[in-house]
Amino acid sequence: MATASSPLYPYQRVQFDFNMLALYTLPTRGVYAITPTLLCLPGNLPEHITLTVQNSHDVIFSPTESDEYLKQGNGPMSVTTNHGKIWLFASYLTDITYTEMEEGRTVPDGWWWDPTEAVELIERLRDCEIIVETDAGERFVYILNFDDRPTREAVTASLYAKQGIPSSYFNLERKEPQ
């Protein structure tokens with residue numbers, strides 16, 4: 001099994017831990033899906049950076065599971081890296097009702113977990129840009145590489161192939177300034 005520091009994973013990636021995906025209710029707002037997410041950037045970044053996520057289609061990234069981030073949305077946040085690694089939470093407002101959350105959903109045939117929210121999270125990030133700014137004024141933009149999962153069906157199939165370990169990662173590619 002590959003671990004977060006394993007050479008089996010690409011060095012620059014976004015890795016979702018769907019084992020820990022949770023549903024969270026925010027009074028008057030609805031039911032959120034929250035997934036721990038490991039962001040692996042180049043290890044030569046300074047320890048303190050400003051991170052901004054754009055074009056995430058209402059997926060909110062935050063360094064904690066605080067309600068405040070869910071209320072304010074994505075904006076520049078100061079984060080601390082550990083050799084380029086940053087633990088975040090990716091959250092979005094689902095279409096799940098309170099009743100569905102209480103009663104649970106039916107797991108698709110052949111699955112031992114329901115991939116619906118995992119697939120939805122990934123699909124919302126197709127146009128996502130992760131912007132890193134350092135105190136020295138350097139600016140880097142990264143995008144998720146969807147080359148090997150060009151469709152919703154391909155994303156679902158990749159999760160099904162990893163049924164025993166519901167964790168999925170996407171390579172990060174540096175986007176050159178235009």
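## Starting at Thr 35

Thr 35 sits in strand S3 (strands are DSSP runs of E, at least two residues, numbered from the N terminus). This is a predicted model, where local features need pLDDT of at least 70 and side-chain atom pairs count only at pLDDT 80 or more, while totals for chains, interfaces and linings use all residues. Residues are numbered from 1 along each chain as its sequence is written, and side-chain values use heavy atoms, leaving out hydrogens and water.

Is Thr 35 buried or exposed? Thr 35 is buried, at 1% relative accessible area (buried means under 20%, with a 1.4 Å probe and protein chains only). Not counting residues up to four places away in sequence, Thr 35 touches partners including Phe 16, Leu 21, Leu 88 and Leu 121 (contact means heavy atoms within 4.5 Å).

## The nonpolar cores

The largest nonpolar core holds 36 residues, and Leu 39, Leu 41, Ile 130, Leu 144 and Leu 159 have the most contacts inside it. Such a core is a set of buried Ala, Val, Leu, Ile, Met, Phe, Trp, Tyr and Cys residues joined through side-chain atoms within 4.5 Å. Another core, of six residues, lies apart from it, and Tyr 32, Ile 34, Ile 60 and Leu 70 are among its members.

Leaving aside neighbours within four places in sequence, Ile 130 contacts residues including Val 14, Leu 39, Leu 51 and Leu 144.

## Who lines the cavity?

Residues lining the largest cavity include Val 14, Phe 16, Thr 37, Leu 39 and Ile 130 (on a 1 Å grid over the protein atoms alone, a cavity is a set of points where a 1.4 Å probe fits but cannot get out, and lining residues have an atom within 4 Å of a point). Strands S1 (13–17), S3 (30–40) and S4 (48–54) each supply at least two residues of this lining.

How values were computed
Buried means under 20% relative accessible area, exposed over 50%, partly exposed in between (1.4 Å probe, protein chains only). On a 1 Å grid over the protein atoms alone, a cavity is a set of points where a 1.4 Å probe fits but cannot get out, and a pocket is an open set with protein on both sides within 12 Å along at least five of seven lines; lining residues have an atom within 4 Å of a point. Helices (H or I, at least four residues) and strands (E, at least two) are DSSP runs, numbered from the N terminus.
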